[in-house]
Amino acid sequence: MSSNLYDFSTLTSSIHEWLSGFMSAGWVVFTELVLIGLLFLLFFALLGLFLVYLERKVCAIMQNRVGPNRVGKWGLLQTIADLIKLLIKELIPIRKSDKFLFNLAPFIVIIASLMAMAALPFAKGLQAIDFNIGVFYIMAVSSLGVVGILLAGWASNSKYSIIGAMRSGAQIVSYELSVGLSLMAIVIFSGSMQLSTIIESQANGWWIFKGHIPAFIAFVVFLVASTAEINRGPFDLAEAESELTAGFHTEYSGIKFAFFFLAEYINMFIVAALAATIFLGGWMPFHIGSWEGFNHIMDFVPPIVWFFLKTFFIIYIIMWFKWTFPRLRIDQLLTLEWKYLLPISLVNIVFIAFLVLMGWHF
Amino acid sequence: MESQSLILFFLIALVLVGGAIVFSTLVAPKSFNLVKSEPYECGIPSEGPAWIQFNVGYYLFAIIYLIFDVETVFLFPWAVVMKQIGLRAFIEIIIFFAVLGLGLLYAWKKGALKWV
C-alpha cells in the first residue's frame, strides 16, 4: 500500500500528461529533457558541494577538531564560499603544456561522472535511464574518467603530474577488475543487469543477507576496490601530497582544479550509490523476516530516504577509511589487487555459481 | 528515448564545465609572467620536459589488465543466464577460469606482478 504512495512514476506520468495537454509531442519530449537536465545539473552541483563539506566535517570529527563553522550555520556555506573563490581565481596557463588536451581533461572527467549518474535509481520510478545493462553501463562509463586523469597528467608537462597520472592509470585499471567481478556476483544471483530488476529481486531481503558469506565477501571486495578506483582513502597515490604536491592536477588552477575535485567526490557518491543499490537493496526498506509490525513501520519511510541513508552510510565508511589508514606504497597497492583481491573474487564467483546451481540461496 | 537522454547528459556536462570556465575567464584577473607559467618544480627552474620515457612496470600491468578486462566483458553475459542454463554453464565457467587462472599464475611466476 505505502509503496504505491511513494511511487515516483505516478508523479512523472502526471507531469507528462499535464504537459501533453497544451503542447505537441515533440515539445513535450523537449521540455521533459530540459527539466531532467536542469534537475540533474542542480543536484550534481549541490551534491558535490555538500560532499566536500561532509568530508571536512567527518575529518574534523576524526581528528577531534570542530571543522568549518564560520560561514553560515555550522559552516554550511563554507564550500559555496570556496566555490566562489575558485571561480574568480586566475586560470594560469602553462607555457610548455599541450593546450588542447590540458583544457579537454576536466571536461572528460566531469562527463564520465555525470553520465554514470544518469543510470542510478534514486527511488521507485525516479531513474533517468533504466538500461537493461545498467551495471555494465555504470562500470564502463565511470571508468572513462581515467582517460581524463591521464590526459591531465600528460598535458601539463610537469614531472609530478605525469608520475601521478601514471600511478593513477595503473591503479584504476587494476582495481576495475575486482569491482567488475564483485558486481558480477550479484548479477549471477539476480540473473539481470538491469538495476531496477536487481532492486526488485531484493524485496524479500537484501543480497548481502540473502547471498550468505560469498555475497558479503563480494561486498567487502567491492568497497576496497572501489575506494581504490576513485583514488581515495589509503589508495590516493595519484595525488599523494607529501611526495607529488597534488599529483595529476598540480598544474591546474582555479575552476579547472575545482572540476577534478568535484568529479572525485561525485565518483565517491556513484560508487556508494551502486554499492547501496546492488548489495543493500537500493530504495527497498529494511525488513526483518516475519515481524509484520516492524516491517510495516519501515514501509512508511519513503524509498528515497532509504536510498540516501544507505548511500551516505557507505560514503561515511569510505571517508572513515581515508582518515584512519596510512597511505599504501605503489607496490603494496598492486600486490593487494593482483595477488589477493583478484584471486579471491575469482574463487568467489565460482563459489557463487555453485550456490546458485544448488539453489542454496534464499 | 534512452540514447537521446544520454546525449542530454553529455550536453549537461559540457554546459556545466564550459560555462564555468568561460565565466571564470571573464571575471578572473589575468597577468602574464614567464616564470609563473613554468611547470611547478618546487620553485627551482624546471629541468627538461616531462614528456620522457617512463617505467615499463606501468605498461606490463596495463597489458595484463587488458586480458582480464576482456574476460570480465565475456563473463557478464554468462552471469546473466547462469541461473537458467545451470550445470552446463557451471562446468564451462570452471574450464574458463582454469585457463584464466593458469594465465594469472604464469604472469605471477614470470614476475610480471612484481613492481620494479
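Let me start with one residue, Ser345 of chain A. Leaving aside neighbours within four places in sequence, Ser345(A) is in contact with Ser178(A), Leu181(A), Ser182(A) and Val221(A). Keep in mind that this is a predicted model.

Where does Ser345(A) sit? Its place is in helix H16 of chain A, which covers residues 330-358. Is Ser345(A) buried or exposed? It has 23 C-beta neighbours inside 10 Å, and the cut-off for buried is 20 or more, so Ser345(A) counts as buried. For a distance across the chain, take Lys210(A): 135 residues separate Lys210(A) from Ser345(A) along the sequence, and their C-alpha atoms are 18 Å apart.

Next, the nonpolar core. The largest one has 132 residues. Which residues have the most contacts inside it? They are Ile186(A), Ile188(A), Ala272(A) and Ala275(A). Helix H8 of chain A, residues 159-190, provides the largest share of this core, with 19 residues. As for Ala272(A), if we do not count residues up to four places away in sequence, Ala272(A) touches Thr311(A), Ile314(A), Ile315(A) and Ile318(A).

Now a helix pair, also in chain A. Helix H5, residues 99-117, packs with helix H6, residues 134-142. The angle is about 170 degrees, and the axes are 8 Å apart. Angles over 145 degrees count as roughly antiparallel, so H5(A) is roughly antiparallel to H6(A). On the H5(A) side, the residues that meet H6(A) are Ala112(A), Ser113(A), Met115(A) and Ala116(A). On the H6(A) side, they are Ile138(A), Val141(A) and Ser142(A). This contact divides into 5 nonpolar residues, 2 polar and no charged.

That brings me to the contact between the chains. How many residues does each chain put in? Chain A puts in 66 residues and chain B puts in 52. On the chain B side, three helices each supply at least two residues: H1 (2-27), H2 (56-85) and H3 (87-110). H1(B) gives the most, with 17 residues. By type, the side of chain B that touches chain A divides into 38 nonpolar, 7 polar and 7 charged residues.

Last, the confidence values. For the complex, the predictor gives an ipTM of 0.84 and a pTM of 0.88. Chain B has a mean pLDDT of 81, and 94% of the residues of chain B reach 70 or more.

How values were computed
Residues are numbered from 1 along each chain as its sequence is written. Chains are lettered from A and ligands numbered from 1 in the order in which they are written. This is a predicted model: local features need pLDDT of at least 70, side-chain atom pairs count only at pLDDT 80 or more; totals for chains, interfaces and linings use all residues. Two residues are in contact if their C-beta atoms, placed from the backbone, lie within 7 Å. Helices (H or I, at least four residues) and strands (E, at least two) are DSSP runs, numbered from the N terminus. Ala, Val, Leu, Ile, Met, Phe, Trp, Tyr, Cys and Pro count as nonpolar, Asp, Glu, Lys and Arg as charged, and the others, Gly among them, as polar. A nonpolar core is a set of buried Ala, Val, Leu, Ile, Met, Phe, Trp, Tyr and Cys residues joined through C-beta atoms within 7 Å. A residue is buried if 20 or more other C-beta atoms lie within 10 Å of its own, exposed if 12 or fewer, and partly exposed in between; C-beta atoms are placed from the backbone. Axes are lines fitted to C-alpha atoms, for helices over the stretch in contact, and angles run from 0 to 180 degrees between N-to-C directions. Angles under 35 degrees count as roughly parallel, over 145 as roughly antiparallel, 65 to 115 as roughly perpendicular and the rest as oblique. pLDDT is the predictor's confidence in each residue, from 0 to 100.
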